[in-house]
Structures are given as C-alpha cells and as structure tokens.
Amino acid sequence: MTENASSMSPTITAMIRLDHMHVLAAFHRYHASSPWWRKRAIVNSTCAALEIHAQLEEEIFYPALNGVLTDDERLAKSRPEHDEMRATISKLRATGPENAAYDGLFLQLMREVMHHVADEETVLLPAAERALKNELRSLGTAMTRRRLQLLGERPGEIAVNTAGTFPVATLLLGSVLLLGLTHYLPKSRRVRHADD
C-alpha cells in the first residue's frame with residue numbers, strides 16, 4: 001500500500017477493538033433454544049473470527065508490542081490464552097450442536113474470550129497506544145493486508161456461516177438479487193429462456 005493509503009488506514013488498536021465488538025455481538029446471537037444449524041453457523045463464524053484475530057495479533061501486534069514492552073507479564077500471558085481458546089474451539093468442532101455439551105463449551109469459550117478481551121482493552125491496547133503511537137496506522141495497514149489474505153483462504157466457509165448466522169438477511173438479500181437479475185436481464189433473453 002502507498003504511504004497515503006497507510007495514513008488512511010485505521011490504527012491496529014482500533015481494528016482489534018472492532019474485532020472484539022464483532023465477537024461479543026456474535027456471542028449475543030447465540031441462544032440454547034436456536035435450531036442446530038443456526039448454532040453451528042454462529043459457532044463456526046465466531047471460531048473462524050477468533051482464529052484469524054489471534055493469528056493477526058500473534059503475527060503483527062504482539063511482536064510490535066514486545067519490542068517496546070520487554071518482559072511484560074500481561075503480554076506474556078496473551079499467547080497461552082489464545083492457546084486455551086484454540087483448545088476450546090477444537091472441542092466445539094469435535095462435539096457438534098446436537099451434543100448436550102455444545103452450549104456449555106460455547107459458554108466456556110465466551111468466558112475465556114471475555115477475560116482476554118478485558119485484559120487487552122484495559123491494559124495492552126492503552127499501553128500500545130502510548131508506546132507505538134507513531135506506528136499504529138502502519139501496523140493497521142499490515143493487519144488489514146494480512147486479514148485479507150487469511151479471509152481469502154476460506155471464502156466458502158465464511159459465506160455459508162454468514163448465511164446461517166443471518167438467515168433472514170440472507171434470504172432478503174438473495175431475493176433482492178434475484179429480483180434485480182430478472183428485472184435487468186434483457187426482456188428478449190428472459191423470453192428466450194422461458195421458451196426453452
């Protein structure tokens with residue numbers, strides 16, 4: 001990206017806070033009474049977002065922060081918390097929504113993430129904003145670039161999980177797209193397909 005594009009990028013700390021809000025909102029969409037397919041979509045979507053977020057922090061944010069906060073115990077405990085989260089995600093994926101333990105595992109993941117988010121939001125992000133003040137936007141640019149790469153590795157998974165997480169919105173969007181296609185296709189082409 002050009003220097004101008006980098007100056008327009010959100011800061012890395014703003015992006016991390018947005019990720020936190022996205023995951024916390026996903027937790028609120030989950031209900032034990034939801035159909036199994038919606039539970040699976042919400043869990044899969046949340047887990048993918050958490051995995052990408054953790055990878056971005058480990059590849060970009062933590063190394064930058066480690067360079068200015070050497071031997072910081074709060075930073076040192078962040079990776080093990082990510083590993084704990086990954087272990088819970090593995091259990092969730094191995095269990096499935098038809099299992100009675102599924103809801104409890106998702107609540108466990110929620111607790112782990114909320115504890116981790118609280119530490120980051122109250123300690124690490126403010127420390128980063130002080131210590132990395134001049135690098136926050138360039139780190140945000142690097143995080144954006146890497147996020148796009150990671151998202152590009154799983155487009156089908158993301159589409160399916162988004163559709164299951166937001167079924168009404170997906171149905172409405174699909175209907176609008178279908179209506180738009182039928183309305184904007186040339187009439188001769190629509191008639192020809194009807195005759196076939």
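**Cavities in a predicted model**

The second largest cavity is lined by R74, K77, S78, E81, H116, D119, E120 and L124. A cavity here is a set of points, on a 1 Å grid over the protein atoms alone, where a 1.4 Å probe fits but cannot get out, and lining residues have an atom within 4 Å of a point. This is a predicted model, in which local features need pLDDT of at least 70 and side-chain atom pairs count only at pLDDT 80 or more, while totals for chains, interfaces and linings use all residues. Residues are numbered from 1 along each chain as its sequence is written, and side-chain values use heavy atoms, with hydrogens and water left out.

The volume of the second largest cavity is about 50 Å³; a volume is the space filled by probe spheres set on the points, and grid points are joined across faces, edges and corners. Helix 6 gives the largest share of this lining, four residues. Helices are DSSP runs of H or I with at least four residues, numbered from the N terminus. By class, the lining of the second largest cavity has five charged residues, two polar and one nonpolar. Asp, Glu, Lys and Arg count as charged, Ala, Val, Leu, Ile, Met, Phe, Trp, Tyr, Cys and Pro as nonpolar, and the others, Gly among them, as polar.

In total, the structure holds three cavities of 30 Å³ or more. The largest cavity contains about 90 Å³ of space. Its lining includes D19, H20, L50, H53, E57, H82 and H116. Helix 3 supplies the largest share of the lining of the largest cavity, four residues. The classes in that lining are six nonpolar, four polar and two charged residues.

How values were computed:
On a 1 Å grid over the protein atoms alone, a cavity is a set of points where a 1.4 Å probe fits but cannot get out, and a pocket is an open set with protein on both sides within 12 Å along at least five of seven lines; lining residues have an atom within 4 Å of a point. Helices (H or I, at least four residues) and strands (E, at least two) are DSSP runs, numbered from the N terminus.
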